[in-house]
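The stops below follow charged side-chain pairs.

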Amino acid sequence: MAVKQRIMIVDDDPSIAELISLYLMKECFDTLIVPDGEEALKQFEKYAPDLILLDLMLPGMDGYQVCREFRKNSKVPIIMLSAKGEVFDKVLGLELGADDYMIKPFDTKELVARVKAVLRRFTPETEKKEMFPNEKQGECVIYTDLLINQTNYAVTYLGQQVEMPPKELELLYFLASHPNQVFTREQLLDHIWGYEYIGDTRTVDVHVKRLREKIKDRANWSIATVWGIGYKFEVKKV
């Protein structure tokens, strides 16, 4: 079963920390903001983060010292955040055990992408397989090789983001969030387009066709046609 991965954000600038947290939560991560290194060391065992975003310029213990302390007993992935862009600073951070290094100011989308990339490298295959069958996390539905995030209207399939119009995404999310439940075309029209929609059931067929062109069936899930009735998101263990 999939669970939210936990990200500890160690930064004494609340505006930056909260912005990072917001973007990560939109991607279905759980976050904890910690204002300094000493508090981060205290919260580490309790929170058990899957990854740490660690600012270098912290009050008291700086990020280098905090990283050194974490590395004494843990291999948890660490991405250092710093306004220092000198090669020496990057090399020192990496030599102390950081897994990546980002220079402020940075693009939040790039930061999220790097978080995902580092986590992919550190997530054991057994844990990745446990993402089956699914788990709702706010407005996210996760299956093997598929993540549908209705919060920010993003779909990730086989590790790549798939572009699709809002109604396609809403239809996919609705079906996937009700695994193995059959819906008639009329029911899908009502749920996705609303009772006042002026159209016919072929609208559903067209959208399903477009979804199938972008999202191919996997061994343990598929967008299935129930002949004479409608559609379902079929889930099965293999």
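**A tour of the salt bridges**

Select K214 and E168 to begin: their side chains form a salt bridge, with N and O 2.9 Å apart. K214 belongs to helix α9 (residues 202–214) and E168 to helix α7 (residues 166–176), so the pair ties together parts 46 residues apart in sequence. The coordinates come from a predicted model.

Now colour the two partners by accessibility. Is E168 buried or exposed? E168 is buried, at 2% relative accessible area. K214 is partly exposed, with a relative accessibility of 27%.

Stay on helix α9 and select E213 and K209, which lie 4 residues apart there, about one turn of the helix. Their side chains meet in a salt bridge, the N to O distance being 2.9 Å. K209 counts as exposed because its relative accessible area, 52%, is over the 50% cut-off. E213 has 48% and is partly exposed.

Next, go to helix α5 (residues 108–122) and select E110 and R114, again a pair set 4 residues apart, about one turn of the helix. The closest N and O atoms of this salt bridge are 2.8 Å apart. Both residues are partly exposed: E110 has a relative accessible area of 36%, and R114 has a relative accessibility of 26%.

For the last stop, select D11, D55 and K104 together. Salt bridges link these three residues in a network.

Methods. Residues numbered from 1 in each chain as written. Predicted model: local features only at pLDDT ≥ 70, side-chain atom pairs only at ≥ 80, totals over all residues. Heavy atoms only, no water. Salt bridge = Lys/Arg side-chain N within 4 Å of Asp/Glu carboxyl O. Helix = DSSP H or I, 4+ residues; strand = E, 2+ residues; numbered from the N terminus. Buried < 20%, exposed > 50% of the residue type's maximum accessible area, 1.4 Å probe, protein only.
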